[in-house]
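Take a look at the chain below. The paragraphs that follow walk through its fold, its core and a few individual residues.

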Amino acid sequence: MSSQVFETPRRGLNPRQAETVERLLAAGLEELRAVGHEALTVRTVAQRAGVSPATAYTYLASKNHLFAELFWRHLTSAEAARTAAGTPVERLQATMRALTARIVEEPELAAAVTPALLGTDPDVARLRLRIGAEFLARFEAALGEPGRPADPAVLDVLVLTFSGALLQAGMGLLTYDQIAEQLVSAVDVILRGNA
């Protein structure tokens, strides 16, 4: 894991606390890869990290919070490809493919995050908003041109389309490869009159 600031409302972590969080998140990803999201517990993550369950719960409200945090970090740890080449449609299609490819780099995390993000945990809700904002920012960067910002209504439809595709993949209705190609087609349909 990279040394990022922990994205929770619990601000002002001292170096020892930040190191504990990093150990918990690294252990959480290892445990997720080893046993899957259904068998994982915060207790088993704590054990793997070498901390008490009480310490783990100080930083992680639930396993869904862990999954959302891991997904947020995974999504944002790769620099967004910012290419000026091509039309807005081509740039957006490349962005959709890149985001989908990034998600499937961690298949266990991809399987865990869909049910996790549907929960009502306040820490998960906050991260869900950050994740949606990241999608929005990437789509806006792909569509934006000097002197012509992206249409907010189009951006809303793109986020809704992308989120819906992720939900379908998370429910097992489509594979991530299938949604990537369907998203490419959807971009063409959505932007045909706006490109």
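A residue counts as buried when its relative accessible area is under 20%. Phe 135 has a relative accessible area of 3%, so Phe 135 is buried. Keep that cut-off in mind, because under 20% is what buried means throughout.

This is a predicted model. The average pLDDT of the chain is 88, and 90% of the residues score at least 70. Among the elements, helix α2 (residues 42-49) has the highest mean pLDDT, 97. Helix α9 (residues 176-191) has the lowest, 91. Residues 1-10 are another matter: there the pLDDT is below 50. That stretch still has 37 contacts in the model beyond near neighbours in sequence.

Now the fold. The chain has nine helices and zero strands. Its pattern along the sequence is α-α-α-α-α-α-α-α-α. Of its 195 residues, 44% are buried. Take the contacts with a separation of 6 or more: 72% of them join residues 24 or more positions apart. The chain exposes about 9,900 Å², and carbon and sulfur atoms supply 56% of that area.

Next, the inside. The largest nonpolar core has 55 residues. Which of them touch the most other members? They are Phe 135, Phe 139 and Phe 162. Helix α8 gives this core its largest share, eight residues.

The structure holds two aromatic pairs. A pair of aromatic rings is described by the distance of the centres and the angle of the planes. Phe 135 and Phe 162 are 4.7 Å apart, centre to centre, with 70 degrees between the planes. That pair is edge-to-face. Phe 135 sits in helix α7 (residues 122-143) and Phe 162 in helix α8 (residues 152-170). The two residues are 27 apart, and their pair links distant parts of the chain.

Is Phe 162 buried or exposed? Its relative accessibility is 0%, so Phe 162 counts as buried. Phe 162 also pairs with Phe 139. Here the ring centres are 5.5 Å apart and the planes are at 75 degrees, so this pair is edge-to-face. Phe 139 lies in helix α7 and Phe 162 in helix α8, so the pair ties together parts that are 23 residues apart in sequence. Phe 139 is buried, as is Phe 162.

What else does Phe 139 touch, leaving out residues up to four places away in sequence? Its contacts are Leu 92, Thr 95, Met 96, Leu 99, Leu 155, Leu 158, Val 159 and Phe 162.

An α-helix has 3.6 residues a turn, so residues three or four places apart point the same way. With that in mind, turn to helix α6 (residues 107-117). Its buried residues are Leu 109, Ala 110, Ala 112, Val 113, Thr 114, Ala 116 and Leu 117. These residues pack against α1 (15-35), α4 (63-77), α5, α7, α8 and α9.

Not counting residues up to four places away in sequence, Thr 114 touches Leu 166, Leu 167 and Gly 170.

Gln 93 is in helix α5 (residues 88-104). Why does Gln 93 count as buried? Its relative accessible area is 14%, and buried means under 20%, so Gln 93 falls below the cut-off. Leaving aside neighbours within four places in sequence, Gln 93 is in contact with Val 184, Val 187 and Asp 188.

Last, a loop residue. Asp 151 is found in the loop between α7 and α8. Its relative accessibility is 39%, so Asp 151 counts as partly exposed. A polar atom of the Asp 151 side chain lies 2.9 Å from the backbone nitrogen of Ala 153. Asp 151 and Glu 140 are 11 residues apart in sequence. In space they are 8.6 Å apart, C-alpha to C-alpha.

Definitions and conventions: Residues are numbered from 1 along each chain as its sequence is written. This is a predicted model: local features need pLDDT of at least 70, side-chain atom pairs count only at pLDDT 80 or more; totals for chains, interfaces and linings use all residues. Side-chain values use heavy atoms; hydrogens and water are left out. Helices (H or I, at least four residues) and strands (E, at least two) are DSSP runs, numbered from the N terminus. Buried means under 20% relative accessible area, exposed over 50%, partly exposed in between (1.4 Å probe, protein chains only). Contact means heavy atoms within 4.5 Å. Accessible areas come from the Shrake-Rupley method with a 1.4 Å probe; for residues, only the protein chains shown count as cover. Rings of Phe, Tyr and Trp (its six-membered ring) pair if their centres lie within 6.5 Å; planes under 30 degrees apart count as stacked, over 60 as edge-to-face and the rest as tilted. pLDDT is the predictor's confidence in each residue, from 0 to 100. A nonpolar core is a set of buried Ala, Val, Leu, Ile, Met, Phe, Trp, Tyr and Cys residues joined through side-chain atoms within 4.5 Å. A polar contact is a pair of N or O atoms within 3.5 Å; within protein, one must be able to donate a hydrogen and the other to accept it, and residues adjacent in sequence count only if both atoms are side-chain atoms.
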